[in-house]
Amino acid sequence: MGKAADLLPGTLDMLILKAVSLKPLHGYGVLLRIRQISGKALEIPQGSLYPALYRLEHQALIVAEWGQSENNRRAKYYSLTTAGRRRLREETAGWNRLASAIAAALNTTPEEV
Amino acid sequence: MLKRFRSLFGVLTRRRDFEDGMTEELRFHIDQYTEDLMQSGVSQAEAARRARIEFGSLNSIQGDCREARGLQFLDELRRELRYAARWLRKTPGFTLTALLTLAICLGANLTIFAVIDSVLLRPLPFPEAGRLVTIFNTYPKAGVDRDGSSITNYYERRGRIPAFASLAIYRYGTAIIGETGSTEREQITRVSPDFFSTLGTGPVMGRSFKDEETSYETDSVVVMTDSFWRNRYQRDPRIIGQKIRVDGLPTTVIGVLPPDFRFLSSEARLYFPLASSADQRAPLQRHSGGNAIQMIARLNPGATLAQAQSQIDAQNATLEVDDPQAKMMADAGFRSLVVPLHADHVAAIRPTLLLLQAGVLTLLLIGVVNLGNLLLIRAGSRAKELAVRRALGASRRHVISEVLVETTLLTLAGGLLGLAAAGGGIRLLSAFAADRLPLGSRIAFDARLAFVALVAAIVLGVLLAAPIAWFNLRRPLGDALQSESRSGTSGHSTQTLRHSFVVSQTALAFMLLAASGLLGLSLQRVMEVSPGFRPDHILTGKIAFPSKNYPNAAGRVAFTEKLVDKLGHLPGVSSAGVVTNVPLSGTSGKSSAAIKGRVLRPGESPRGNYSYGVGGDYFKAMGFSLLEGRFLTADDSRHGKRVCVVDEDFARYYWPGASPLGHQLFEGSEQQTDAEAFTIVGVVGSVKQVGLTEETAQGAIYYPYALHGDDVFVAARTSLPPESLGLTLQAAVRQIDPDLPVNDIRTMETRIADSLVTRRAPALLAVLFSAIALLLTAIGSYGVLSYAVDQRRREIAVRMALGAQPGQIRNQFLSLALHLLAYGVVLGSIGAWVAGRAMQTILFHVPAFDLTILAVAAAVMGLVTVVACLLPSYRAARISPVEALRES
């Protein structure tokens with residue numbers, strides 16, 4: 001996972017949870033959705049997506065179900081569980097706190113010290 | 001067990017689903033991406049190529065996915081299993097030794113455990129069997145430890161002891177079943193009506209006995225076991241109400257017991273009411289148990305053994321108030337003891353079984369230490385390989401799990417073989433000894449045993465892995481990598497560990513050897529005991545008289561006289577006689593006698609002594625020695641002369657230093673009228689009545705059979721091999737009474753041998769265990785010394801190049817072996833002393849610490865060790881310096 005230079009460590013799980021919280025998605029769909037909702041700013045290394053999905057599934061934060069894709073192929077669709085929803089809420093809140101704290105820190109001017 | 005397999009199977013099939021799903025999912029991703037790329041105008045080939053590249057290595061992603069799902073562990077395990085299996089295959093000598101060691105040690109342990117489990121551990125096959133107790137009278141000061149219970153006891157206690165939910169009595173016996181001409185003797189049990197309900201079971205068909213059926217007029221009813229119903233009546237469903245002939249009397253079948261019904265070790269297939277007359281229930285008969293009738297009871301829920309005991313004691317005290325015998329019984333130390341039924345039934349065999357288990361556990365310990373040592377040596381030879389792998393990134397966890405997988409694979413395979421060995425052992429036991437052991441018929445190869453084997457194998461695997469893992473992780477990597485030899489240098493601490501393994505192994509084997517020596521010596525001492533008669537060339541058999549055809553003594557006397565006369569005239573028979581109980585018959589009871597005109601000294605308790613009725617030339621047939629006066633003759637019995645013969649012990653107690661001839665005595669503990677007195681006409685040598693190890697000489701009185709009659713044993717002395725007389729004996733009996741079978745036909749020598757089976761079998765097993773232990777120790781010593789020689793090849797070569805003599809080199813290694821041996825023997829002597837102390841209860845006239853035995857054991861141990869160590873020592877001395885130095 002060291003290749004995810006574009007992504008802060010630990011944020012991939014959060015983004016996946018967010019992506020599948022909107023609508024059940026297959027793996028490739030998750031990739032596209034994250035790219036879409038981040039305005040193409042975030043690029044996820046494709047190789048690290050699946051281990052992350054499997055880990056989240058193992059932690060029972062998401063569940064997988066086989067279904068039909070848009071072009072009628074069998075695909076595995078992931079959706080959020082209740083525990084996953086709770087985790088997403090916590091992580092979002094935590095991230096927001098962190099982000100605003102860092103933003104505040106970075107906006108500090110010499111006069112304010 | 002099945003569940004486990006199913007769950008393992010589940011994991012494996014789910015695993016395949018998982019793999020298939022993952023492959024499909026990743027392929028879907030790549031295909032979708034390829035399509036998207038193609039839509040943006042890239043050629044198909046290029047799109048596929050880019051999709052692959054951007055996706056990354058499929059293999060490593062799949063690995064990551066598996067790890068994310070916690071499946072990596074299984075893969076690693078599989079790899080390690082393969083690796084371990086390959087190692088084991090590559091070293092067949094080691095693997096075979098290890099598997100054989102485990103198979104023998106675990107097999108022996110599992111076999112003995114199966115016996116302990118079925119005899120000591122598993123509850124009796126009745127509901128809440130832990131609440132079943134037995135109650136018996138004891139008169140320790142009169143030398144009567146166990147006298148069963150009387151019918152009076154039963155009627156006095158029934159319903160009056162609050163701690164008991166119910167109470168019952170029973171008496172083992174035999175009966176003649178069937179019509180004239182096709183009779184057979186069956187083992188039976190006579191029981192009180194509440195016997196089955198006390199056990200918590202009862203007939204599955206028909207009913208149990210009623211209180212009205214306990215008189216002699218109404219007791220012709222029978223409850224049969226399932227096996228009797230099956231074999232004799234082919235499970236006839238209309239059996240209830242049918243009549244069968246028992247001792248010649250028609251008897252109505254009223255019930256059939258469930259198939260699994262078995263009371264303790266009883267072989268009885270028919271149950272009858274235990275009938276009694278009003279006289280037999282009277283207070284005067286309270287102490288007339290004679291060890292024939294036994295009592296069982298079921299404790300109420302919540303009631304304790306102590307409560308039951310105190311209630312019985314209290315009732316006994318109340319009853320004593322108006323009992324004329326009370327004073328005498330109190331002098332005899334009378335008490336009624338309440339003890340758990342199961343524990344009581346197996347009490348005699350318990351120490352022997354526990355000792356055997358301790359013995360095989362020691363054997364297992366030796367085997368494990370041996371394996372540990374061999375594994376450690378092997379680990380030494382792989383040290384460098386391992387060091388390289390660790391340098392290349394194998395983690396500590398990995399090193400440990402690899403060792404664990406290897407040892408556990410070994411012990412599991414060994415456990416499986418051990419289980420198979422135990423299966424054989426149990427079969428052997430069932431074939432030879434099951435009927436000699438209480439509850440022996442329950443010994444079986446079952447799922448419990450398989451589970452114990454599995455647990456034992458896993459525990460052993462972990463135990464064996466520990467020192468190897470320690471060895472592998474202990475040394476700094478650099479050392480192992482830098483050492484010149486392929487196998488790496490041997491550190492001082494591992495050497496110490498190996499040596500201490502050999503020492504402990506030697507000590508344990510020495511201990512086993514000494515213990516089996518003690519058992520063997522004890523057996524020898526028992527066999528040296530003279531039974532008091534000449535047991536060779538005597539055939540004996542039991543005849544039980546049915547009361548219908550032999551209602552009184554006259555009929556029995558007439559029969560025995562005819563029989564003795566017939567036997568006496570057979571070719572090859574020198575003398576024949578009858579007796580009410582032959583020595584070592586397995587049953588015995590004592591009664592008391594009063595010497596005419598003698599009052600008990602203050603504090604003296606009445607003595608229980610054996611009393612027998614004898615007819616024909618019994619004393620001559622058995623080879624008793626006559627010390628004074630004369631033997632009883634056929635004439636005494638025929639004319640009902642009131643004479644008797646006493647044995648040496650009896651004479652010495654009452655007339656020390658004087659002759660008892662001419663003195664008179666009464667049967668029973670009371671003085672009676674002169675007409676009842678028996679005059680002593682002879683003194684015979686004492687014989688062992690119950691067993692050769694019998695220590696307390698209680699004394700015996702022999703009355704004429706006509707005056708002291710009951711069922712008999714017939715004894716005939718012959719110049720032919722006595723076994724050959726069996727059919728002749730049966731034929732002779734049938735000629736006089738065609739309906740009278742003879743059973744329990746055995747020579748006196750067989751009876752003696754049979755009475756020693758609980759001593760001989762453990763001694764033989766102990767010898768077998770020690771032999772295996774010696775072999776294991778030899779393997780261990782050989783292995784360690786060989787390894788030491790290999791390790792020091794260079795050192796030896798250098799020394800030899802510098803002028804050391806081969807003899808010096810050889811002696812150096814031999815002296816190492818002897819040092820280890822000496823430590824082992826010293827430690828083992830302490831162990832042998834502890835073992836000897838623990839064995840005191842089952843040893844006969846053998847001290848816990850016998851110097852001769854220890855010396856012999858040390859000599860055997862030394863011989864085996866030296867032989868095992870000679871080969872490696874000589875090899876060391878033959879090392880060629882040139883070759884050894886060139887090799888490295």
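Two residues are in contact if their C-beta atoms, placed from the backbone, lie within 7 Å. By that criterion, 13 residues of chain A are in contact with 17 residues of chain B. The model is predicted: local features need pLDDT of at least 70, side-chain atom pairs count only at pLDDT 80 or more, and totals for chains, interfaces and linings use all residues. Residues are numbered from 1 along each chain as its sequence is written, while chains are lettered from A and ligands numbered from 1 in the order in which they are written.

**The side of chain B that touches chain A**
- The helices α1 (2-39), α2 (44-55) and α3 (58-68) of chain B each supply at least two residues of this side; helices (H or I, at least four residues) and strands (E, at least two) are DSSP runs, numbered from the N terminus.
- With eight residues, α1(B) gives the most.
- Seven residues of this side are nonpolar, five polar and five charged, where Ala, Val, Leu, Ile, Met, Phe, Trp, Tyr, Cys and Pro count as nonpolar, Asp, Glu, Lys and Arg as charged, and the others, Gly among them, as polar.

**The sheet of chain A**
- Three strands of chain A form an open sheet in the order β1-β3-β2, with antiparallel pairing (two strands pair if DSSP finds at least two bridges between them).
- Because β1 (25-26) and β2 (62-68) of chain A stand at the edges with a single partner strand each, one side of each is left without a neighbour in the sheet.
- β1(A) and β3 (residues 74-80) of chain A run antiparallel and are joined by two bridges.
- A:H26 has A:Y77 in β3(A) as its bridge partner.

**The domains of chain B**
- An automatic or database domain assignment divides chain B into domain 1 (2-70), domain 2 (145-331), domain 3 (350-527 + 757-887) and domain 4 (546-739).
- The centres of domain 2 and domain 3 of chain B, taken over C-alpha atoms, are separated by 54 Å.
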